[in-house]
Amino acid sequence: MTPSSNIFRHWVVWIALLIGALGAIGHAADSSVRASLSRGITVIGDPVQYQIKISGARRIVPPQDPLVDGLVIRYAGPSESAITRFQNGSFFSERTTTLVYEVVPEKNGSFTIPAVALEVDGKTMRTEPVALTVQPSSTPGNNDPDTIGFAELVMPKKTAYLGEAIPLELRLYVDARVRWQPIAMPEITGEGFTKQKIPEPQRSQAQKNGKEYDVLTFKTAISPGKAGKITIGPTEIPFTARVPRARRGGQRSLLDMFDDDVFGDPFFSVSQQIKAKAAAVELTVKPLPAEGKPHDFSGAVGSFQLAADGNPKHVRVGDPVTMKLRVSGRGNFDRMTAPVIKDPTGWRTYPPSNAFKADDDVGISGTKTFEMAVVPEVKKTEMPAFQFAYFDPTAGKYVTLTTEPAALSVEGGVAPAPATVSIPGGETKLSPPPLPAPPKPDDIVGLRYDSDAPKSFVPPYQRREFWLAQGVVGLVLIGFLGFKLRRRPDSAALHMATLRRQKTEALDRLRNGELPHVEFFDAAARVAQIETALATGRSISEIDASVVHASARLDETTAGVIDEIFNARAELLFAGGSRGDDRVSAAERERVLAALKQLERSHGTS
């Protein structure tokens, strides 16, 4: 067979495979039907979307509008999408059709949209029922901060002992339907207590009074420093929220309904700064009892365990043993000092070092390790025992813990005791043992300084040569500094030129239609900051949307776009916005660029 015949056969095989693959395109997977709501909680008059998604179908007969007492459900129309996949060696096209309905609540309560039957490719298919809760509260669109979010201080107890570590939580609740962003860490004010540093807050969700909330929890711990009643708080938590614009009256269109679906989007809402206020809480502080207080109690309050370990196990008299003393549990570790040696006879001790390892976020649970050097001065068969005293607030009494001494081998005799000498007044003073006399030199004798009379010495600063030399050095330095200062460029002008170059580069990036949302809004906010810095001389790090507004006279439309720029950047960069990888539309890009141009004209820096 000739080579040309082999090439022909290969082409025939490839064409056959291609025809088979192309013939498989259009073959859809098994049809499926699924119903869902755009959100499961709403209020009277606030519409939601009810969607029926049908995948892999060629012919669909829409069902009748569902009927539910208390809900008005209207069919808005279909939307379609299709994707082509390769599976099991062949291509197939999967088409998804979404039947969109508008659901308008007319009264409060819990509702169930029943299963819906529809005809798909000649077969009858049914959806699953879906639930909707209509809350008896106002919508967040009325701009009332109390309906958008609130805060509270939470303590596990209202009575405590002096020095006790008490966990404290500051919780911020924000309506789950609102897009929002915290601004700064809160400050918990008050007197008569100390508090731990507040770590990064934790996010969660919760229901209160039948309403869904996003919850931001700030955790810390306080320790009262005086007996009596103390007040913690009040405090505020600032945050920004995007509140929906007022809806248009009259007949609603399909586009109006899709506006509801982007509830909280910066281009369909107004950014508003809100301060959620948490009311103060009171704590009654009891003093520690005097009865039963151990003599070595240092102020530790809580519940603890004590462990000890020493190394090495074999030493000579006078050699140190390093003791590691671990106090673990829950309480106020800041007030804790090292355990003390139970019987110091025959031991010489040194001040300990300490380190703390927390087991929680606020440092009231963990282990504090003390390292102490102890020196046996006589033969010993056991390491020293240590004891640690603390007050247990739960039991209301003092507790003393004692370690079990481990075995120790000490060789040698008794370490020599320091000698004592008498001093006037009848007192005695310890003195070190006398040092041995140094050996007499055999051949090298030390220098003698007493053969001649001492010569007079004149300090350098009293000599004329010293001041002449200093004057020459000073003149050289002054000349050098003058030369450098004369050639130094104008730093302010250089800074302004750098800002203008950065502004031009950022604008060039904005005009590029390929930027995703994150980079686009970051660059837009940067342009607004640089523009304001050029006009006001302020540092870029100090400039936010409010500073931009204060620096220029902007019309309402431009001011709104500036707010949207900063809010969108904050959401996409810090709140995990879901549109970070999308490209901005041409209309959106032109609208932002027009607002930045208007800001430039208002400043007169063009």
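Biologist: Which residues does Ile-562 touch, not counting residues up to four places away in sequence?

Modeller: This is a predicted model, and in it Ile-562 belongs to the largest nonpolar core, where Leu-510, Ile-562, Ile-565 and Leu-596 touch the most other members of the 34. Leaving aside residues up to four places away in sequence, the residues that Ile-562 touches are Val-548, His-549, Leu-554, Leu-596 and Leu-599.

Biologist: Which helix supplies the largest share of this core?

Modeller: At least two residues of the largest nonpolar core, which has 34 residues, come from each of α5 (491–511), α6 (517–536), α7 (545–551), α8 (556–574) and α9 (586–603). The largest share amounts to ten residues, and the helix that supplies them is α6.

Biologist: What is the bridge partner of Glu-119 in β9?

Modeller: Strand β8 (residues 117–120) has an uncovered face made of Ala-117 and Glu-119, whereas Leu-118 and Val-120 make its covered face. On one side, β8 pairs in the antiparallel sense with β4 (residues 60–61) over two bridges, and there Glu-119 is the bridge partner of Val-61. Four bridges also join β8 to β9 (residues 123–126), again antiparallel, and in β9 the partner of Glu-119 is Thr-124.

Biologist: Is Arg-177 buried or exposed?

Modeller: Arg-177 lies in the loop between β13 (166–175) and β14 (179–182), and its C-alpha is 8.7 Å from that of Thr-42, although the two are 135 residues apart in sequence. Because its relative accessible area is 11%, and the cut-off is under 20%, Arg-177 counts as buried.

Key
Residues are numbered from 1 along each chain as its sequence is written. This is a predicted model: local features need pLDDT of at least 70, side-chain atom pairs count only at pLDDT 80 or more; totals for chains, interfaces and linings use all residues. Side-chain values use heavy atoms; hydrogens and water are left out. Buried means under 20% relative accessible area, exposed over 50%, partly exposed in between (1.4 Å probe, protein chains only). Two strands pair if DSSP finds at least two bridges between them. A nonpolar core is a set of buried Ala, Val, Leu, Ile, Met, Phe, Trp, Tyr and Cys residues joined through side-chain atoms within 4.5 Å. Contact means heavy atoms within 4.5 Å.
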